[in-house]
Amino acid sequence: MKEEYEQARKDIENFPLDFYICGFKSYFDDDVKLKCSECGKDVFARIYYPRNIKIICVECVVIKVKKGVKK
Ligand SMILES: [Zn+2]
């Protein structure tokens, strides 16, 4: 992996995130296909995606946010 990507991944991993949100479309040749940890759908992430954070798709994160808002 390119050094700049390696640094980008470290920066993301050091940020206190609950989820890493991914979309259903790939926009770059070196995007990586992953699975949403909630629904299992195929999602795409940049090559420097964090390895230590749950991957979640945009649809699942919307469900979570709505649940949180309704309380
Ligand atoms: Zn999902």
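This is a predicted model: local features need pLDDT of at least 70, side-chain atom pairs count only at pLDDT 80 or more; totals for chains, interfaces and linings use all residues.

Reader: What is the order of the elements from the N terminus on?

Author: The order is read along the chain, before any pairing is considered. In the protein chain it is α-β-β-β-β-α, which comes to 2 helices and 4 strands. The C-alpha trace spans about 45 × 25 × 15 Å along its principal axes.

Reader: In which sense do strand 1 and strand 4 pair?

Author: The sense of a pair is read from its bridges. Strand 1 and strand 4 (residues 54-57) pair in the parallel sense, over 4 bridges. Within this pair, Tyr20 stands opposite Ile55 of strand 4.

Reader: How do the side chains along strand 1 divide between its faces, and which of them are buried?

Author: Burial is judged by counting neighbours: a residue is buried if 20 or more other C-beta atoms lie within 10 Å of its own, and exposed if 12 or fewer do. In strand 1 (residues 19-22) the side chains alternate. Over the protein chain, buried residues make up 14% of the 71 residues.

Reader: Which residues make up the largest nonpolar core?

Author: In soluble globular proteins, nonpolar side chains tend to be buried together. Here the largest nonpolar core has 10 residues: Tyr20, Cys22, Cys36, Val43, Tyr48, Tyr49, Ile55, Ile56, Cys57 and Cys60. Strand 1 and strand 4 are the elements that give two or more residues to this core, and the largest share, 3 residues, comes from strand 4.

Reader: Which residues does Val43 touch, if those up to four places away in sequence are not counted?

Author: Val43 touches Cys22, Gly23, Phe24, Leu34, Lys35, Cys36, Ile55 and Cys57. Among them is Leu34, its bridge partner. For the protein chain, of the contacts between residues at least 6 apart in sequence, 39% join residues at least 24 apart.

Reader: Why does Ile47 count as partly exposed?

Author: Such a residue has a neighbour count between the two cut-offs. Ile47 counts as partly exposed because it has 15 C-beta neighbours inside 10 Å. Ile47 lies in the loop between strand 3 and strand 4. Leaving aside neighbours within four places in sequence, it is in contact with Met1, Tyr5, Asp30, Asp31 and Val32.

Reader: Why is Asn52 exposed?

Author: Asn52 is exposed because 10 other C-beta atoms lie within 10 Å. Its place is in the loop between strand 3 and strand 4. The C-alpha atoms of Asn52 and Ile12 are separated by 9.5 Å, although these residues are 40 apart along the chain.

Reader: Is Lys67 buried or exposed?

Author: Lys67, in helix 2 (residues 58-70), is exposed, since 9 other C-beta atoms lie within 10 Å. From C-alpha to C-alpha, Lys67 and Ile55 are 19 Å apart in space and 12 residues apart in sequence.

Terms used: Residues are numbered from 1 along each chain as its sequence is written. Two residues are in contact if their C-beta atoms, placed from the backbone, lie within 7 Å. Two strands pair if DSSP finds at least two bridges between them. A nonpolar core is a set of buried Ala, Val, Leu, Ile, Met, Phe, Trp, Tyr and Cys residues joined through C-beta atoms within 7 Å.
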